Amino acid sequence: GEGGESLNDMPVILDCRNDYETDVGRFEGAEPLGTENFRDSWDVLKDRLKDTPKDAPIMTYCTGGIRCVKVGAYLTQELGFKNVSRLAGGIIAYDRALIDKIEKEGDEPMFKGTNFVFDGRVGRRITDDELGECITCGAKSSFVSNCANANCHKRMVQCEKCREPFLGTCSDACKNRVVFQRERPSEGEERESATGSPDVDERPPKYETLDDYSAGHSSPTPSLYREIEANTAHRMPTGAHMVSGSAQGRLLTQLTSQSREGRVLELGTFTGYATACFLEGSANVASAIDRKGSRSGGPYVLTLERDARAMELAASHIEIMSKLGVGEAAAEEACKLRGEGGELEEAIEESATFNFNGAECELLRVTDALATVEEIARGEATDPPGPPFNF
């Protein structure tokens, strides 16, 4: 209308997630890319924006802010767009800010439906809008899951009404396979009846989950990590599901131990579980190459976090680790953080640095972790001075 914005001034809002994510939730007015995999985004973007002026405003968002950083770099560096912005921290950060704003001001969310997240929750419902369609009956639903047939494992939207009769599978064929697998006797049971020796159980142990299997084939997790999990559940119960856990933690330590210099950049310290795993592996490298690490070189872990409460708890855990290691003595000290008078590290305004067996760990408080990484990549990180990583 007269005096209003022209169509050329209206921003293009791009949802940089995959179709199974945008099917169940998205911002009003956003255009989903409609991709099945993120690697398909580049061709879609090139085709969608081929007639868009290079100075047109383009806004991008994704779940946690990582994919839209990559999309932004592609749009500016490869396609030549000059006015590209992103939602810092993604939908997750918007959701956190929204909770406070709704309580204070009663604002209506601009994001409708469910935010698909890559953890045990699968979906975080932001509004009651049902945007997806059940793969079985076509009814509106925002419940995302994977097909229960391990050979299929297709990600799908399925309503609660269909989930039970289909045993959590996407089709009759997958349902029949799950039924067959449940009814078929195991090889160990067949061998036992054939030999007629029920008293001798030669069957290998059964593992209900991948974590159980990993724990059964890994070295024991040091005692400190058990207390980090317990402290997280006690002090930050709503985020306890984000702790890496034993299987993933041992893998992080092993991967770091096998690196050439033991230098790690972690986005999202949270309460320090994974940070401790990285630092443990970095210390193994320090021992192997006989070199102490620092920001300028050698075994070093830099971890970025925006949440002040999580940072305080993480700093307390890493300080205990730096003084007492990861065994029972450290576990006993960490356990005190749950007792009366258990004090955390004082609020970290900018950074805190610790040393563990030759490796250095720096906890850095930031407002936008990905923006900090971009500054490091451009060589603009000056506080503290000197870029710690050469990308």
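Student: Where does T136 sit?
Tutor: T136 is in the loop between strand 8 (132–133) and strand 9 (140–141). Keep in mind that this is a predicted model.

Student: Is T136 buried, exposed or partly exposed?
Tutor: Its relative accessibility is 28%, so T136 counts as partly exposed. The buried class would need a value under 20%.

Student: What does T136 touch, leaving out residues up to four places away in sequence?
Tutor: T136 touches Q158, C162 and F166.

Student: Which side chain makes a polar contact with the T136 side chain?
Tutor: That of Q158. The polar contact between the two side chains is 2.9 Å.

Student: And D172, how far is that from T136?
Tutor: In space, 9.6 Å, C-alpha to C-alpha. In sequence, T136 and D172 are 36 residues apart.

Student: New spot. Where is N149?
Tutor: N149 lies in the loop between strand 10 (144–146) and strand 11 (155–157).

Student: Buried or exposed? I mean N149.
Tutor: N149 counts as buried, because its relative accessibility is 4%. The cut-off for buried is under 20%.

Student: Which residues are in contact with N149, leaving aside neighbours within four places?
Tutor: There are T169, C174, R177 and V178.

Student: Switching to helices. At what angle do helix 9 and helix 13 pack?
Tutor: About 15 degrees, with the axes 7 Å apart. Helix 9 covers residues 223–235, and helix 13 covers residues 328–335.

Student: Parallel or antiparallel, then?
Tutor: Helix 9 and helix 13 are roughly parallel to each other. Angles under 35 degrees count as roughly parallel.

Student: Left-handed or right-handed crossing?
Tutor: Helix 9 passes helix 13 in a left-handed crossing.

Student: Which residues make the contact?
Tutor: From helix 9, S223, L224, R226, E227 and N231. From helix 13, E328, A330, A331, A334 and C335.

Student: How does that contact split by class, nonpolar, polar and charged?
Tutor: The contact of helix 9 with helix 13 has 5 nonpolar residues, 2 polar and 3 charged.

Student: Zooming out. How many helices and strands in the chain?
Tutor: The chain has 14 helices and 15 strands.

Student: What percentage of the residues count as buried?
Tutor: 41% of the 391 residues in the chain. N149 counts as buried, whereas T136 counts as partly exposed.

Student: Last one. Among contacts between residues at least 6 apart in sequence, what share join residues at least 24 apart?
Tutor: For this chain, 62% of those contacts do.

Conventions. Residues numbered from 1 in each chain as written. Predicted model: local features only at pLDDT ≥ 70, side-chain atom pairs only at ≥ 80, totals over all residues. Heavy atoms only, no water. Axes fitted to C-alpha atoms, helices over the stretch in contact; angles between N-to-C directions. Helix = DSSP H or I, 4+ residues; strand = E, 2+ residues; numbered from the N terminus. Parallel < 35°, antiparallel > 145°, perpendicular 65-115°, else oblique. Left-handed = near helix turned anticlockwise from the far one by under 90°. Contact = heavy atoms within 4.5 Å. Nonpolar A, V, L, I, M, F, W, Y, C, P; charged D, E, K, R; others polar. Buried < 20%, exposed > 50% of the residue type's maximum accessible area, 1.4 Å probe, protein only. Polar contact = N/O pair within 3.5 Å; in protein donor to acceptor, adjacent residues only side chain to side chain.
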